[in-house]
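Let's take a walk through this protein model. Here is the structure to look at while you read.

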Amino acid sequence: TTAVAIFAGTFAVLPFAVWAWNVQPEAWPWIVASSVLELVYFYLLTTAYRRAEMSLIYPIARGMAPVIVLIVSIVFGVAFTPLQAGGVALVGFGIVLVRGLRGTARWSDVLLALSVATAIAGYTLVDKQGIRYADPVTYLFLILVAPAVGGVLFVAARGGWARISGAVSWQAIAAGIGTSVAYALVLFALSLAPAASVAAVREVSVVFAVFLGAVFLKEPVSLGRVVGALIVASGVALVVVG
C-alpha cells in the first residue's frame, strides 16, 4: 500500500513539475542523495510499522529527527541556544516515556524508530541544500520518482503484480497525493527557513499520531505514552523558538 501511495503521489505532481521545470546542474548530486535516503526511509518505516505500534514508532522517529538535524547543524557551525539544548533534553525524556519506564516496548523497536529518524534528518539536511538549485515541485518529483518506481518493483518482485493491484484503492491514492502535497510544503519552507526549524515545526504531528493510533488503530496507548508525546512536542517547540 505504501508503494502504491508513493507512486500515485509522485506522478500526480508530474504535470506541475513539468510546468514549473527548473533544475540547475548543481541540484543533481543532492537529488540523487535525497532519493537514496527517501528509499531507505520508506523501507525502514514500513518495517517499523510491521513490528510495532504507530503510537510508539511515530513519536520517536519524528521527535528525534529535528534533534538530529540540530546536532548536525551545530557540528557544521550553526550556533545553538540554551533553550534549544533544553528542547533536545525534553525530546529525549519524552521518548523514554513513549517507550515506557517499565520497558513496555522492545529496545530493538526503539532503535528501529531511531534509524527512521536518522533517515528523515538525512534527507531534510540534503534537501535544504538541493532546494537552492531547483523549483520545489520539480525537485519533489525528481527525488521521489526513483523510490516510487523502485518501491513498486520491489513489492512486485516479492509478491507479484497481483499484490500491487490488490493494494490499489482510493485511500492509497489519496494518502499518496496528501504525502506529496505535504512534502512540497516542507520544501517551500526549507527554501525560506533553517532546516532545524522546519524539521521541528513539522514534527508536532507526534501528538496527532498518538491520538490516531489510539482512536482508529485501537492501539494500547498508555497515559505515559500520551504525556511522552506531549513532552516530545514541547521539546520540538523549544528547538524552534530557541
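## A residue tucked inside

Asp-127 sits in helix α6, which covers residues 107-130. Helices here are DSSP runs of H or I with at least four residues, numbered from the N terminus. This is a predicted model, where local features need pLDDT of at least 70, side-chain atom pairs count only at pLDDT 80 or more, and totals for chains, interfaces and linings use all residues. Residues are numbered from 1 along each chain as its sequence is written, and side-chain values use heavy atoms, with hydrogens and water left out.

Is Asp-127 buried or exposed? Its relative accessible area is 0%, so Asp-127 is buried. Buried means under 20% relative accessible area, exposed means over 50%, and partly exposed is in between (1.4 Å probe, protein chains only). Setting aside neighbours within four places in sequence, Asp-127 is in contact with Ser-34, Glu-38, Tyr-139, Ile-143, Tyr-183, Leu-187 and Leu-190. Contact means heavy atoms within 4.5 Å. Ala-195 is 68 residues away from Asp-127 along the chain, and their C-alpha atoms are separated by 8.8 Å.

## Where α3 meets α7

Two packed helices are described by the angle between their axes and the distance between the axes. Helix α3 (residues 27-51) and helix α7 (residues 136-159) cross at roughly 40 degrees, and their axes come within 8 Å. Axes are lines fitted to C-alpha atoms, for helices over the stretch in contact, with angles from 0 to 180 degrees between N-to-C directions. So α3 and α7 are oblique to each other. As for the cut-offs, under 35 degrees is roughly parallel, over 145 roughly antiparallel, 65 to 115 roughly perpendicular, and the rest oblique.

Among the residues that meet here are Ser-34 and Glu-38 in α3, and Tyr-139 and Ile-143 in α7. The contact of α3 with α7 divides into 13 nonpolar residues, two polar and one charged. Nonpolar covers Ala, Val, Leu, Ile, Met, Phe, Trp, Tyr, Cys and Pro; charged covers Asp, Glu, Lys and Arg; the others, Gly among them, are polar.

## Where α1 meets α9

Now for helix α1 (residues 2-12) and helix α9 (residues 170-190), which pack at an angle of about 55 degrees with axes 7 Å apart. That makes α1 oblique to α9. The residues of this contact of α1 with α9 include eight nonpolar, five polar and no charged.

Ala-12 in α1 is one of the residues that meet α9. At 30% relative accessibility, Ala-12 counts as partly exposed.

Terms used:
Helices (H or I, at least four residues) and strands (E, at least two) are DSSP runs, numbered from the N terminus.
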